[in-house]
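Let's take a tour of a protein model and see who sits next to whom. Have the sequence and the 3D view open as you read.

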Amino acid sequence: DPLDDFERRLLTLRDVEKTVYVGGRGPAVIVMAEMPGISPHVSRFARWVREAGFTVYLPSLFGRDGAYPDAEEGRAVLQRACVSAEFRALAANESSPVTRWLRALAKLAHRECGGPGVGAVGMCFTGNFALTMMLEPAVLAPVLCQPSLPLNDAAGIEIGRDEVAAVRARLEREDLTVLAYRFEGDRFCTARRFAAYAVALGDRFVPRVLPSSAANPSPPPFFDQVVGCPHSVVTAHLIDAAGEPTLAARDEILAFLVRRLGAPRARYGARDPG
C-alpha cells in the first residue's frame, strides 16, 4: 500500500520528528498501528475512519510503512520495539514515553481540525496508548483494541498509578467512556488484563470480547506464525463480510467516534455504546 491518498508529513513535537500520514476532513482521529507497523490492514481501517467523516492522523511508530513484512522481519521489528526505551514494553504500571509525543500530536490535531475533541484508536502494542492519551484534554474518544503491553504481565495495564487515577477522575467528571476489544482466546490481551482495566476504571471501561471463532482464519504470515492466536480485531483478523462480529466491532467503533466527536456518519450504522 503506497499510502499515496494520504499527505505524508514530518512533524516535530517535543523535539522528536516522526512521519504522520494525514487525510480526510472533519474532527481528528489518531489511529496508532499495531505491531509490526502500518500494514495494508491498518491503513484500510484508517480509510474506514476517514470515510466516516474524520481527519485521520496515522503516525509511523515502527516497521515499514504500507507493507506486510514476512514473519522474520516482523519478529525483528517486534524485538527492536521491545527493547526500545520509547515503548517500555516490559514495564507494568508505567506509561511509555512515546505517549507524551502522541499527546502533543492530539493537541496539534485538535488545533488543526477543530470540533469538540480528538479520537484515539490504539491497537496491540499501541492499544493502551489511547488510554494514556486521555491525559491530553483534547482526547475525548479512546478505543483500545487488544492492548498488549506490558508483555511480561498479563494483568498489567502499562500506565502509572497517578496517571490512571487522573484519567478515571476525568472520565467521571466529563461523563466519558473507554471502549475496548479483544478476542476470547488472545494470549497477548487476556481476560486478566481486561479485569485489571475494569478495576482501574470502573464502569467507565466498556469491554467487548469476541469469540475466537470470529477471527479471520488466514491472516498474513506475521500473525499466523508469530502471533499465533486470534488477536487483531479490526485489522488482520477482521472478516470484511456482512454479519461478521469483527465487522460489527468496526461499525461500533465508528459509531462511538461519531457520537463523541460529532462527525456526520457515512455508511456505518452500528449501535453506539455511549
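## Charged partners

The side chains of Glu-174 and Arg-173 meet in a salt bridge, with 4.0 Å from N to O. The term salt bridge here stands for a side-chain nitrogen of Lys or Arg within 4 Å of a carboxyl oxygen of Asp or Glu. Before we go on, a word on the source: this is a predicted model, where local features need pLDDT of at least 70, side-chain atom pairs count only at pLDDT 80 or more, and totals for chains, interfaces and linings use all residues. Residues are numbered from 1 along each chain as its sequence is written, and side-chain values use heavy atoms, with hydrogens and water left out.

Back to our pair. Arg-173 counts as exposed at 60% relative accessibility, while Glu-174 is partly exposed at 35%. Those labels have cut-offs: buried is under 20% relative accessible area, exposed is over 50%, and partly exposed is in between (1.4 Å probe, protein chains only).

How many salt bridges does a search of the whole structure find? It turns up 14. Here are three of them, with their N to O distances.

| Glu-174 | Arg-173 | 4.0 Å |

In the Glu-94 pair, both partners are partly exposed: Glu-94 has a relative accessible area of 32%, and Arg-88 has 33%. Now look at Glu-252 and Arg-208. Helices (H or I, at least four residues) and strands (E, at least two) are DSSP runs, numbered from the N terminus. Are these two residues buried or exposed? Glu-252 is buried, and Arg-208 is too.

Salt bridges can also join up: Asp-1, Asp-5, Arg-47 and Arg-50 are linked in a network of them.

Next, the aromatic side chains. A search of the whole structure finds eight aromatic pairs. Rings of Phe, Tyr and Trp (its six-membered ring) pair if their centres lie within 6.5 Å; planes under 30 degrees apart count as stacked, over 60 as edge-to-face and the rest as tilted.

Tyr-68 and Phe-223 have ring centres 6.2 Å apart and planes at 85°, so this pair is edge-to-face. The two come from distant parts of the chain, 155 residues apart: Tyr-68 is in the loop between β4 (55-59) and α2 (71-82), and Phe-223 is in helix α7 (residues 221-227). Tyr-68 is partly exposed, at 23% relative accessible area, whereas Phe-223 is buried, at 2%.

Tyr-197 and Phe-205 show another arrangement. Their ring centres are 5.3 Å apart and their planes meet at 20°, so they are stacked. Tyr-197 and Phe-205 are both buried. Elsewhere, ring pairs link Phe-62, Phe-87, Phe-125 and Phe-129 into a cluster.

The charged end of Arg-250 sits over the ring of Trp-48, 4.5 Å from its centre, and the charged end of Lys-18 sits over the ring of Trp-101, 5.8 Å from its centre. "Over" has a rule: NZ of Lys or CZ of Arg must be within 6 Å of the ring centre and within 35 degrees of the ring normal.

## Two buried residues

Met-133 is in the loop between α4 (129-132) and β6 (139-145), and counts as buried at 0% relative accessibility. What does Met-133 touch, beyond residues up to four places away in sequence? Its contacts (heavy atoms within 4.5 Å) are Ile-30, Met-32, Leu-102, Arg-103, Ala-106, Ala-120 and Val-139.

Val-49, in helix α1 (residues 40-51), is buried as well, with a relative accessible area of 0%. Leaving aside neighbours within four places in sequence, Val-49 is in contact with Val-29, Val-31, Phe-54, Val-56, Leu-254 and Leu-257.

## Where two helices meet

Last stop: Val-164, Val-167, Arg-168 and Leu-171 in α5 meet Val-199, Ala-200 and Leu-201 in α6.
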